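This report concerns aromatic contacts and helix geometry. Please consult the sequence and the model displayed below.

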Amino acid sequence: MLSRTAGGLYWLARYMERAENTARIVMAGHRMASIARSLGNAGNEWHSTLLATGSEAGFAARHPEPTADAVITYLVSDPDNSSSIFSCLETARRNARSVRTALTVDMWDTLNETWYQARQGDRFNGGLGDLLGVMEWVKERSLLFNGAYANTMLRNDAYYFTRLGTFIERADNTARILDVKYHVLLPRGEDVGGALDYYHWQAILRSVSGLRAYHWVYQDRLKPWLVAELMMLRPEMPRSLLNCYNQIVDQLDMLADAYGGKRGDCHRTAGELHSRLRFGLIQRIFQSGLHEFLTDFIDQSASLGREINALYMT
């Protein structure tokens, strides 16, 4: 496969996943802000949302303070923000056009319809009014795309690159969503383990569609270390870091086999990250610092992306 085609498929999947991930983070920020207001403890939830998406610097260059409307507009509909949901959908469709012959009919139809619907009327300009409805639409379109390629693509290198892009992006997002909780500072007088803290953890689980899964796995009330364990180290959780790296390692192995056993730094980095997660203990992670672990993980995942690009797409 041409490196240009490999890159187009990989980034197409990443941008579709990023659109969904941003929607999930915005929904988490909205829920935490609503909970804080209802308890009379409005805090820095929208600032934490910017930090989680890695958008703080770009936002600060254009806006004086992280108000709800300003953050939502920047992350959802701002065409000048390359990682806004609208921009992600535009970029995904542009990548799809460049690799049109590598896509199945169902993949192209899903992407094209998503693009047309995104550009209709004021879908992304409604502010807080129908925010959750629009974010659910974004999640639905991403799920349709994932289902289209999972059910219609041949299991060859095109499929491996598409799936690799999905799980690289998903792992990064799960780490960022979990780190949102670190950045949400509890108001003065609010205890860790109190009502606000409890509902924040619940909002984090909801953002990854994991609340019911938590109760199924643990059959216990919400505990921070168990929430973190579910999202990081449990292989049965679809969006956990470990499950994502199970997939990443598998796709890289299949690409190596498809290209005559050729391996590079990306295979080594993916294997190291996978081992840390597979044999990790949540107690040790909390002792050494959850935020520090997640920050290091996000940095290493970014390095892995650059290594994949260097080996296959340049």
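The model is predicted: local features need pLDDT of at least 70 and side-chain atom pairs pLDDT 80 or more, whereas totals for chains, interfaces and linings use all residues. Residues are numbered from 1 along each chain as its sequence is written, and side-chain values use heavy atoms, without hydrogens and water.

Buried residues (under 20% relative accessible area, 1.4 Å probe, protein chains only) in helix 6 include M107, W108, L111 and W115. The charged end of R93 sits over the ring of W115, 3.7 Å from its centre; the criterion is CZ of Arg within 6 Å of the ring centre and within 35 degrees of the ring normal.

The structure holds 11 aromatic pairs (ring centres within 6.5 Å; edge-to-face if the planes are over 60 degrees apart). Two of them are tabulated.

| Pair | Centre to centre | Angle between planes | Geometry |
|---|---|---|---|
| F59 and Y74 | 5.6 Å | 80° | edge-to-face |
| Y149 and Y159 | 6.1 Å | 65° | edge-to-face |

F59 lies in helix 3 (residues 56–60) and Y74 in helix 4 (residues 68–76), so their pair ties together parts 15 residues apart in sequence. Both F59 and Y74 are buried. Y149 is buried at 1% relative accessible area, and Y159 is buried at 7%. Ring pairs also join F145, Y149, Y159 and Y160 into a cluster.

Note on methods
Buried means under 20% relative accessible area, exposed over 50%, partly exposed in between (1.4 Å probe, protein chains only). Helices (H or I, at least four residues) and strands (E, at least two) are DSSP runs, numbered from the N terminus. Rings of Phe, Tyr and Trp (its six-membered ring) pair if their centres lie within 6.5 Å; planes under 30 degrees apart count as stacked, over 60 as edge-to-face and the rest as tilted.
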